[in-house]
Amino acid sequence: MKSVLDELSRRVRSAMAAVGADGDPMIRASQDPKFGDYQCNAAMGLAKKLGKKPRDVAADVIAKLDFADLSTEPEIAGPGFINFTLTPEFLSRSLGGIPPGGTAPAAADGVDRLGIAATDQPQVVVVDLSSPNLAKEMHVGHLRSTVIGDCICRILEFEGHTVHRENHVGDWGTQFGMLVAHLLREKPDVAEHPDELVIADLESFYVAAKTRFDADDDFKTEARDTVVKLQQGDPDTRKIWKAFCAESLRHCHEIYERLHVSLEDRGESFYTERMEVIVQRIDEMRQRGDKDWIQISDGALCLFLEGFTTRDGEPLPMIVRKSDGGFNYATSDLATIAHRVDEMRARRILYVVGLPQKQHFEMLFAAITKLGWADGCELEHIGFGSVLSKTGTMFKTREGGTFKLKDVLDEAVARARAVIEEQESGEGGRGIDPAEVDTIAEAVGIGAVKYFDLAHARQSDYKFDLDTMVAMDGNTAPYMMYAYARVRSIGRKAGVDLASLPTDAPLVLEHPAELALARKLVQLPETLHGISRDLRPNVLTEYLYDLAKTFSRFYDKKHGVRVIDAEPEAVRTSRLRLCDLTARTLELGLHLLGIETVERM
Ligand code: ARG
């Protein structure tokens, strides 16, 4: 199945060229069926260039346009919009050409591609996601980067790009001196059995270390000495630090597993030597004459980038080497980019990091551009808003601490279980056995948290509201998962294996409900292409939600069509195939969101 939007754009572009107007064909899906399925908005802009009336330009373009196998006669509307309505034959052919589920040319990972081809311009993309600080337990603030980042990776992988999922964890810095020193005091023989280290509660471990640090001057000195030893590569200190990081990462991976997120861990410490190298490169540039923007200021090596000032309007430096010789966050990120571009050959680097770090990334990208170290590589900060409490304040525990992500997930699963158990105990109960309830509750609870996050516009804050997340109606995971299970059950009820329905006969698309469903189904490729550019997962949740609602209308007794008992046989088969395509589209969509489906719930 091809993207209709791409196909139409390609054709309008060549018709425009034929009337002497090259440019963006400006095709959009119409928001209102009154204006057909797609709209071209290019004529107004072209009219000026060509010195003609927009409606005349539109007519000229249509005259040169090859549309017959795709759309009915295009209509000119308003000042010069061109509206396209896809023909039933086109819809039938596009959907009819999708290979059956079981035998689809499955990708290496076995995903049903619904006949969507991979891009012919694959790129190496590095996605920097999750990246918690290993000194502490993952908290709810890490949810968004992990979930949004994973969804973006899945979509880019589906599109055929080579994606590196980089978990750029914070495993370096003075805090680790304190933690290692504390660990030595608590478990003096840790260096002998580093593999056996278990820290049940990282959060209280950190708090204990910090309390000791603040109260005890001897310990303070010990902690500072440990930092120096760590930086100088003292083998025992490194061993204990490694053991601590491994233990902390183990905690993270328990969560990643529950969230079905896979990542490659590569912490900040990986870049320690590379930081030396790049700082030297920068200092050499300064000595060779780049003095206007690379300067030593109060002993620190700084980059002064255009457009960045302090609140008082003073130039804001980006410090790459502090006056004590130490490096900081910006230095590590510069070294990271150099590594990703030169060694990993990245052509696109995406940072899925909260919006509070907006300025950091703006300065980083400005610095890299000025240094010329990432030419030909696209850098983007995929910023996101905060998770707020139900009342819109900061999401904090009663004591003012952050919620552990693990506890939040447990709570979501418990709520999902309650919803399912209530449903089971009522009239609609289907006698699902307890083991299956466990599986369903875990899938629904985790899915609910992820879906709710992804369904919000990335840049906005949202209120963490478990009741809404696990609700069976509305744009939620339970609703979508239920919609999927329901469509799948139609095949069972009809006594047909949907995957083995004959695909040689055309789909019959006559009833408005059939046409509406078909129109929605053919929008999948363009929806996915759009997200691989704009990186907005909520576009996918909206699409799936619309699809589920469109399907409900199709299957509705009053407004829709008969399916299981439809006649004649060709119509029944055609409708069952539409069910199959809907189920597979929902399944693929939920899979790309990182949400597991269950066959019944
Ligand atoms: N560890 C950082 C934090 O917790 C996030 C790192 C984001 N990635 C990066 N390359 N700067 O804030």
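User: Which residues line the largest cavity?
Analyst: This is a predicted model, to start with. The lining is made up of Leu95, Ile98, Pro100, Gly101, Leu498, Ala499, Leu501, Thr503, Arg577, Asp580, Leu581 and Arg584.

User: And what volume does the largest cavity have?
Analyst: About 90 Å³.

User: Which helix gives the most to that lining?
Analyst: That's helix H20, residues 569-593, with four residues.

User: How does the lining of the largest cavity divide into nonpolar, polar and charged?
Analyst: Seven of its residues are nonpolar, two are polar and three are charged.

User: OK, how many cavities of 30 Å³ or more are there?
Analyst: The count comes to two.

User: What lines the second largest cavity?
Analyst: Arg258, His260, Glu442, Ala443, Ile446, Gly447, Lys450, Gly594, Ile595 and Glu596. Helix H14, which covers residues 434-455, has the largest share of that lining, at five residues.

User: What about the classes in the lining of the second largest cavity?
Analyst: You get four charged residues there, along with three nonpolar and three polar ones.

User: Switching to the ligand. Which residues surround the ligand?
Analyst: Asp128, Ser131, His168, Tyr329, Asp333, Tyr351, Val353, Gln357 and Phe361 are around the ligand.

User: What's the distance from Asp128 to a nitrogen atom of the ligand?
Analyst: A polar atom in the Asp128 side chain sits 2.8 Å from a ligand nitrogen.

User: How about Tyr329?
Analyst: For Tyr329, an N or O atom of the side chain is 2.7 Å from a nitrogen atom of the ligand.

User: And which side chain has an N or O atom 2.9 Å from an oxygen atom of the ligand?
Analyst: That one is Gln357.

User: Last topic, Ser92. Where does Ser92 lie?
Analyst: Ser92 is in helix H4, which runs over residues 88-96.

User: Is Ser92 buried or exposed?
Analyst: Buried, because its relative accessible area is 9%, and the cut-off for that label is under 20%.

User: What does Ser92 touch, leaving out residues up to four places away in sequence?
Analyst: With those set aside, Ser92 is in contact with Pro506, Leu507 and Leu509.

Methods: Residues numbered from 1 in each chain as written. Predicted model: local features only at pLDDT ≥ 70, side-chain atom pairs only at ≥ 80, totals over all residues. Heavy atoms only, no water. Helix = DSSP H or I, 4+ residues; strand = E, 2+ residues; numbered from the N terminus. Buried < 20%, exposed > 50% of the residue type's maximum accessible area, 1.4 Å probe, protein only. Contact = heavy atoms within 4.5 Å. 1 Å grid on protein atoms, 1.4 Å probe; cavity = no way out; pocket = protein on both sides within 12 Å on 5 of 7 lines; lining within 4 Å. Points joined across faces, edges and corners; volume = space filled by probe spheres on them. Nonpolar A, V, L, I, M, F, W, Y, C, P; charged D, E, K, R; others polar. Near = heavy atom within 4 Å. Polar contact = N/O pair within 3.5 Å; in protein donor to acceptor, adjacent residues only side chain to side chain.
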